[in-house]
Amino acid sequence: MSDLEARYRAYIDCLNRQDWAELGSFVDAEATHNGRRLGLAGYRQMLERDHRDIPDLVFRIDLLLIDPPMIGARLSFDCHPAGSFLGLPVNGRRVAFTENVFYRFADGRIAEVWSVIDRAAIEAQL
């Protein structure tokens, strides 16, 4: 396992444990998400909101490609979002979907993230 792979797997573990105090060791203070500068504080707020909206949220790595300093991953989710999710009236129903995400690391931390969630898969289950 490469250092970058180990680092990414530790990041996913951090998300699943909701260890927000440790997030700064994985995410750059100036991080961007889909072209928007969130910084570490905004990135943390986004993840905390995700966990609030989806109480049983667990990140699972289905596919992982590493080409330093880049990582590409297909993450899978099987969960029960409360209320609406991505503008869809899920309201606690079980949905399974994937996210395709690319990361650029700088100095061992995530500097940029590009993410696309398979909204059509969720719509098909509703």
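A residue is called buried when its relative accessible area is under 20%, exposed when that area is over 50%, and partly exposed in between (1.4 Å probe, protein chains only). Keep that in mind as we walk through this predicted model, where local features need pLDDT of at least 70, side-chain atom pairs count only at pLDDT 80 or more, and totals for chains, interfaces and linings use all residues. Residues are numbered from 1 along each chain as its sequence is written, and side-chain values use heavy atoms, with hydrogens and water left out.

**The sheet**

Let us start with the strands. Helices (H or I, at least four residues) and strands (E, at least two) are DSSP runs, numbered from the N terminus, and two strands pair if DSSP finds at least two bridges between them. Here 6 strands form an open sheet in the order 2-1-8-7-4-3, with mixed pairing. Strand 2 (36-37) and strand 3 (60-67) are the edge strands, each pairing on one side only.

| Strands | Sense | Bridges |
|---|---|---|
| Strand 1 (residues 27-33) and strand 8 (residues 109-117) | parallel | 3 bridges |
| Strand 7 (residues 95-106) and strand 8 | antiparallel | 8 bridges |
| Strand 1 and strand 2 | antiparallel | 2 bridges |

V27 stands opposite I110 in strand 8, T32 stands opposite R37 in strand 2, and E99 has I117 in strand 8 as its bridge partner. Strands 7 and 8 also form a hairpin with 2 residues between them, and D107 in the turn has a positive phi of about 55°.

**A residue in strand 1**

H33 sits in strand 1. Its relative accessibility is 12%, so H33 counts as buried. Leaving aside residues up to four places away in sequence, H33 touches L38, M46, V113 and S115; a contact means heavy atoms within 4.5 Å.

**Helix 2**

Helix 2 (residues 39-53) lies across strand 1, strand 2, strand 7 and strand 8, running at about 65° to strand 1. Such angles run from 0 to 180 degrees between N-to-C directions, and the axes are lines fitted to C-alpha atoms, for helices over the stretch in contact.

Rings of Phe, Tyr and Trp (its six-membered ring) pair if their centres lie within 6.5 Å; planes under 30 degrees apart count as stacked, over 60 as edge-to-face and the rest as tilted. The structure holds 8 aromatic pairs. In one of them, the ring centres of Y8 and Y11 are 5.9 Å apart and the planes stand at 40°, so this pair is tilted. Y8 and Y11 both lie in helix 1, 3 residues apart, about one turn of the helix. Y8 is buried at 0% relative accessible area, and Y11 is buried at 2%. Y8, Y11, F26, Y103 and F105 form one aromatic cluster.
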